[in-house]
Amino acid sequence: MRCESSRIEEQITKLVGRLADVSTDIPCIDDSLRELILRLNEQFPGDVGIFSAFFLNHMKLKPGEAMFLAANLPHAYLSGDCIECMAKSDNVVRAGLTPKFKDVDTLVEMLDYTPKAMEENIMSYTQGEDDSNVKVFQPPVPDFAVHSIQIPAHQLYNLTTENSASIVIVTAGEGQIPSLGEINAGHTMFIPAREGVSIQTSSDMTLYRALCLPQI
């Protein structure tokens, strides 16, 4: 990452040239990795971060799946829509695949270099104790948790009252909050601690709620 940019671009050009020739069989590079590298070069031409595809796990999450990344783990979001929840922080450090400031020295110093299989980052959920509509994703940190909530159409649904303030985002469906008005995909709301909210749905609704939960 500290090489001259011209040297980096030269090597990426050679790599992309080999990968673009589909008749060329390159050991240890399957079709998925080939496609990823070519796509990254289209999005960030000549960027040193393209080489990260060779030593980071390439994970593809399906709808309903989640992963947890602890502090100081290198990662890059590539495509698709997801809900991301993170602890309060002002120290995001970048070194590639970005038009923003790159702080290579700080990143190299702070990273956790422990090797892991990608399955170790997958986070399972538990079912809500008294609500089958809720899936609870609680990572091994006290900073946050996420509720995934699926509400059937034409139902008056009461969000649980929690001891933590929470933020809710609606990603699908339509409904109303009595006395407040309509809500639909894209709407967000802040719920103070120990306050309840009721939603009258007019169609199937999906929402996510970020909050703090007691550690188990």
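Strand 5 (residues 166–172) and strand 8 are paired in the antiparallel sense over four bridges, where two strands count as paired if DSSP finds at least two bridges between them. Strands (E, at least two residues) and helices (H or I, at least four) are DSSP runs, numbered from the N terminus. The structure is a predicted model, in which local features need pLDDT of at least 70 and side-chain atom pairs count only at pLDDT 80 or more, whereas totals for chains, interfaces and linings use all residues. Residues are numbered from 1 along each chain as its sequence is written, and side-chain values use heavy atoms, with hydrogens and water left out.

An open sheet of six strands, with antiparallel pairing, has the order 1-2-3-10-5-8. Strand 1 (126–127) and strand 8 (188–191) stand at the edges of this sheet; each has a single partner strand, so one side of each lacks a neighbour in the sheet.

Salt bridges were examined next. A salt bridge is defined as a side-chain nitrogen of Lys or Arg within 4 Å of a carboxyl oxygen of Asp or Glu. Five salt bridges are found in a search of the whole structure. One of these joins Glu 35 and Arg 39, whose closest N and O atoms are 2.9 Å apart. Both residues belong to helix 2 (residues 31–43), where a spacing of four residues separates Glu 35 and Arg 39 by about one helical turn. Glu 35 is partly exposed, at a relative accessible area of 38%; the class lies between buried (under 20%) and exposed (over 50%), for a 1.4 Å probe and protein chains only.

Salt bridges with shared partners also join Arg 7, Glu 10 and Lys 14 into one network. In the salt bridge between the side chains of Glu 10 and Arg 7, the N to O distance is 3.8 Å. These two residues are three apart in helix 1 (residues 5–20), and about one helical turn therefore separates Glu 10 and Arg 7. Glu 10 is partly exposed, with a relative accessible area of 36%, and Arg 7 is also partly exposed, at 45%. Lys 14 and Glu 10 both lie in helix 1, with a spacing of four residues, about one turn of the helix.
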